[in-house]
Amino acid sequence: MAQTVEDSKTDVAVGRPVFANRQEEARWWIETVTKKQFSDPEDFEESLRDGYLLSVLVNKIKKGSVKVWKRDSNKWKGDFNCMNNITKYVNAASALGAESFDTGDLYRSKVQTSSS
């Protein structure tokens, strides 16, 4: 079971929760920056698979970086918008100097995550 910010231990030196693995830390960071919750806190990849949270994240880092498509939008076109959101995030993250991944890997749930 993933920790929530409320029930995790806090590292007094840096004033943030201590996590069991990098995935929990990444989820906490994304939720903290975006002020949005993962759709399924137990499934890291599925919560990012539509690219929505990633698009919101990059826009929080640099406002206006990408147009965000949300699943409940009346203009949602399924897989196309998932791939489009992810591609826009990857391009914006790369432009900001961040390492990223291949769009298709996340969409097909092949992104390598480390538990340490």
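Helices here are DSSP runs of H or I with at least four residues, strands are runs of E with at least two, and both are numbered from the N terminus. The model you are looking at is predicted, so local features are described only where pLDDT is at least 70, side-chain atom pairs count only at pLDDT 80 or more, and totals for chains, interfaces and linings use all residues. Residues are numbered from 1 along each chain as its sequence is written, and side-chain values use heavy atoms, with hydrogens and water left out.

Let's start in the interior, with helix H3. Eight of its 10 residues are buried, so H3 is largely enclosed by the rest of the structure. Buried means under 20% relative accessible area, exposed means over 50%, and partly exposed lies in between, using a 1.4 Å probe and protein chains only. The buried residues of H3 are Tyr52, Leu53, Leu54, Ser55, Val56, Leu57, Val58 and Asn59. Their cover includes helix H1 (22-34), helix H2 (44-48), H4 and H5.

With a relative accessible area of 0%, Ser55 is buried. Setting aside neighbours within four places in sequence, Ser55 is in contact (heavy atoms within 4.5 Å) with Val66, Val68 and Asn85.

Now move to helix H4 (residues 79-95), where you will find Tyr89. Tyr89 is buried too, at a relative accessible area of 12%. Not counting residues up to four places away in sequence, Tyr89 touches Leu54, Val58, Val66, Ser100 and Phe101. Its C-alpha atom is separated by 8.5 Å from that of Leu57, a residue 32 places away along the chain.

Once neighbours within four places in sequence are left aside, Glu31 contacts Lys36, Gln37 and Phe38.

Next, the surface. Patches are built from residues with over 30% relative accessible area and no salt bridge, joining like charges within 9 Å and nonpolar side chains (Val, Leu, Ile, Met, Phe, Trp, Tyr) within 5 Å. A salt bridge is a side-chain nitrogen of Lys or Arg within 4 Å of a carboxyl oxygen of Asp or Glu. Lys and Arg count as positive and Asp and Glu as negative, while His and the chain ends are not counted. Each charge is placed at NZ of Lys, CZ of Arg, CG of Asp or CD of Glu. Accessible areas come from the Shrake-Rupley method with a 1.4 Å probe, and for residues only the protein chains shown count as cover.

Lys35, Lys36, Lys60, Lys63 and Lys70 form a positive patch. One of them, Lys63, sits in the loop between helix H3 (52-61) and H4 and is exposed at 80% relative accessible area. Lys35 belongs to the loop between H1 and H2 and is exposed as well, at 68% relative accessibility. Although Lys35 is not a glycine, it has a positive phi of about 60°.

A negative patch gathers Asp40, Glu42, Asp43 and Glu46. Asp43 lies in the loop between H1 and H2, and its relative accessible area of 33% makes it partly exposed.

Finally, Trp29, Ile61 and Leu96 make a nonpolar surface patch of about 300 Å². Leu96 is in the loop between H4 and helix H5 (103-107), and it counts as partly exposed at 43% relative accessibility.
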